[in-house]
Amino acid sequence: MLHTDLRYFLYPGLLVLFISCSGGKVVTDKSVKILPPEELYGKLFYDVQERQIFEDSKTFVDAIPLGNVDTIVKLYFNKGKLNNTDLRYFVLDNYEIPQNDINFTSDSVSINNHIKQLWKTLKRPYDEKISGTLLPLPNPYIVPGGRFREIYYWDSYFTMLGLRVDGEKETIKHMVDNFTYLIETNGFIPNGNRSYYLGRSQPPFFANMVQILADTEGEQVYENYMPTLEKEYLFWMNGEDCIDELEPTNRRVVRLKDGEILNRYWDDFDTPRPESYREDVITANKALKKYPELSRENVYRNLRAGAESGWDFSSRWLIKDMKGEYDLSTIRTTHIIPVDLNVLLFNVERTLAKGYKFNENLSKANYYKAKYLARRKAINKYLWSRQEGFFMDYNFILEAQTETLSLAGVYPLFFNLATEAQARSISAKLETIFLRPGGLVTTPYHTGEQWDAPNGWAPLQYMSIEGLKNYSYKDLADKIAKRWTSLNEKVYSQNYKMLEKYNVEDLSKKSGGGEYPTQDGFGWTNGVYQALTKD
C-alpha cells in the first residue's frame, strides 16, 4: 500500500508518521484506537459503504460509536450476513449518526450580523476524548458547516479573515494553536482533524495564519511559531535528499530537468478515500475500463492527491479523453507541478527567512532566502506562459504546461511574486476570460466538477481581489468584489444562508457539480464576506 518505510511513534493519543527513503515493512500498532475507519471497523465499514446504507459516504465514517468499538465489531461479526435493512438498524443501534443541519435561522438580520452570530454555531469546544475517527484538539475551533463537521486546514485561513473583523482574536489564537498541535503531534497539518485524513494535508496556509497573529500581536509572534512552521515545511520537502536524475520524484518533491526542485500534491495512501469510498471505486472502475494499463492504486492516489489540493475536483488535474472532454477517470494530479502550491511554499520559505532574521538567526534566514529566490526563479521558468500571459500548471511527465487556465494563476499576485508586466497580463486575462456577473469563475471549462465553471469560490475571489490591489488594479478588484458580495447578498435575501460556493455565471441558478450537494454554513464564505465589506 505504501512504498516507503513507516515508523510509528505514539504521542498523547495520536499516531504519527515518519517516512524515510528506504523500503521496508509497514508496521502498525493495533493498540492505537485513532485509526482510519476501514481499520477501526473492518468488514462493517466495507459493508456499510459498498451497500450504500447512507446516501453520503462521509456519514458513517463520522459516526460516533455508542460503546466499545471492539465489542461493536465483534457483535457485528457474530450476526452473520445481514440484509441492508438490518444492517442499517445495526448501525443506528450502535452509532450516533451525525446530522448536516446547523439549525440556525436569522430572518431579516443583516448579513454581517448573521455571520457574527453564526460563529457561535460553527464553533466547537475543545475535544475531551477520542471518539470514532475524530482527532481531538486542545482548543475550540470553527468548522465550515454542513457535512464538514471538523476543522479544515486551508478553509481556516479564510475563516480567520472574518473572525479578525469581528474581534474574535481568542478564537484565531486557539485555531493557530490547534494547527501547531497537529504539526507537533503528526508532523504536518492533515486535511482535517479526522483519522482518514492522515495521509494528506491541504494547501499550506499556516504561514498566513501566523501572519494574522503577527499583525495583531506584533512580530514577536514569529519567535513562538517559527520552529513549528519549519516542521511543516520539512513535511512538504520530505524526500528532497532522496531524488536525483534517475529517481526525480519522492512524495511531494519533484526534481526537474535542470535540477530545480518544485512540489506536487500527494497522498501517502493509494486506497479509496474512506469518506468517498463508493465514489472512488466507481471512478477507478471507469478509469480501468478506458485505460487498462493503469492500476487501481494509481487512480486512488491521484484522487487523494486531488483532495490534498483542496480543488476536489477540477479540470486542472484531468487530461482530455479521446472525445476531447474532461472526465474524472483521467485524473493525473501527481503528474502536475501546481502554481498555487509552489507559490504557497515560496511564501513559507520567505516567511521563515523573515522570521529567523527577526530572531537574529542569520544562517537560517540566509538559507531560506536562497530557497525562496531559487523557487521564484523556477516558478517563472516552468509556470509562466508567455503565450497565455498567465501562470499555468506544469505536467512534468510531458515536460509541458497544461492547457488549463485557472484562478490558481492569481497566487503570484496575492504573494507579490509576479512582475509588473505579468500582473498587467494577468489582470487583462481575469477581466476577459474569468469575470462573470457574480464574480470570477474558477476555470472557464464546464466539466461537471465543482472547481470548474460555472462555480465561484470565496477564497479565490479574495485572493484575486487582494492580488489585483497589490499591483494597483483597484478598479477591477472593486468590480469583482462588488459582483461577488452582491451575489452573496442576493442568495442570502432568498434563504438566509451563506453557501460553500456559488454559480457566478447564471445568477438565477444554484451552484453544483462534484460529489455532494452545495453546503451551507459556511466558514470561508463568511470570512471573506466580512473581510470584503469591513470598511
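The structure under discussion is a predicted model.

Helix α8 covers residues 169–186. Its buried residues are T171, I172, H174, M175, V176, N178, F179, T180, L182, I183, T185 and N186. The length of α8 agrees with its residue count, because 18 residues at 1.5 Å a residue should span 26 Å and the end C-alpha atoms are 26 Å apart. Just after α8 comes G187, where phi is positive at about 85 degrees.

## The enclosed cavity

Rolling a probe the size of a water molecule over the atoms shows where empty space is left. In this model the count of cavities of 30 Å³ or more comes to one. The largest cavity holds about 300 Å³ of space. It is lined by 25 residues, and those closest to its centre are F148, Y152, Q202, D312 and Y516. Sorted by class, the cavity lining has 11 nonpolar, five polar and nine charged residues.

D312 is joined to F313 by a cis peptide bond, with omega about 5 degrees. Y516 has the charged end of R147 over its ring, 4.4 Å from the ring centre.

## The largest pocket

How much space lies in the largest pocket? The value is about 570 Å³. The pocket lining comprises 25 residues, of which I64, R124, L134, R149 and R194 are the closest to the centre. By class, the lining of this pocket divides into 10 nonpolar, six polar and nine charged residues.

## Aromatic rings and charges

A pair of aromatic rings is described by the distance of the centres and the angle of the planes. The structure holds 46 aromatic pairs. One of them is formed by F45 and Y46, with ring centres 5.0 Å apart. The planes of F45 and Y46 stand at 75 degrees, so this pair is edge-to-face; the cut-off for that label is over 60 degrees.

Y46 has a relative accessible area of 31%, so Y46 is partly exposed.

Charged side chains also sit over rings. Besides R147 over Y516, there is R316, which lies over the face of W311 at 4.5 Å from the ring centre.

## Cis peptide bonds

Another cis peptide bond runs from A453 to P454, with omega near 10 degrees. P454 belongs to the loop between β16 (439–440) and β17 (455–456).

## Positive phi outside glycine

E360 is a residue other than glycine with a positive phi, near 65 degrees. This glutamate lies in the loop between α13 and α14 (362–383). Because its relative accessibility is 69%, E360 counts as exposed.

A positive phi is also found at E399, near 55 degrees. The place of E399 is the loop between β13 (394–395) and β14 (400–401).

## Distances across the fold

Y356 is part of helix α13 (residues 339–358). With 7% relative accessibility, Y356 counts as buried. Along the chain Y356 and T442 are 86 residues apart, and their C-alpha atoms are separated by 36 Å.

N298 lies in helix α12. Its relative accessibility is 27%, so N298 counts as partly exposed. The C-alpha atoms of N298 and K497 are 39 Å apart, with a separation of 199 residues along the chain.

E466 is located in helix α17 (residues 458–470). E466 has a relative accessible area of 21% and is therefore partly exposed. From E466 to E38 the C-alpha distance is 42 Å, and the two are 428 residues apart in sequence.

How values were computed
Residues numbered from 1 in each chain as written. Predicted model: local features only at pLDDT ≥ 70, side-chain atom pairs only at ≥ 80, totals over all residues. Heavy atoms only, no water. 1 Å grid on protein atoms, 1.4 Å probe; cavity = no way out; pocket = protein on both sides within 12 Å on 5 of 7 lines; lining within 4 Å. Points joined across faces, edges and corners; volume = space filled by probe spheres on them. Nonpolar A, V, L, I, M, F, W, Y, C, P; charged D, E, K, R; others polar. Helix = DSSP H or I, 4+ residues; strand = E, 2+ residues; numbered from the N terminus. Expected span 1.5 Å × (residues − 1). Buried < 20%, exposed > 50% of the residue type's maximum accessible area, 1.4 Å probe, protein only. Phe/Tyr/Trp six-rings, centres within 6.5 Å; stacked < 30°, edge-to-face > 60°. Lys NZ or Arg CZ within 6 Å of the ring centre and 35° of its normal.
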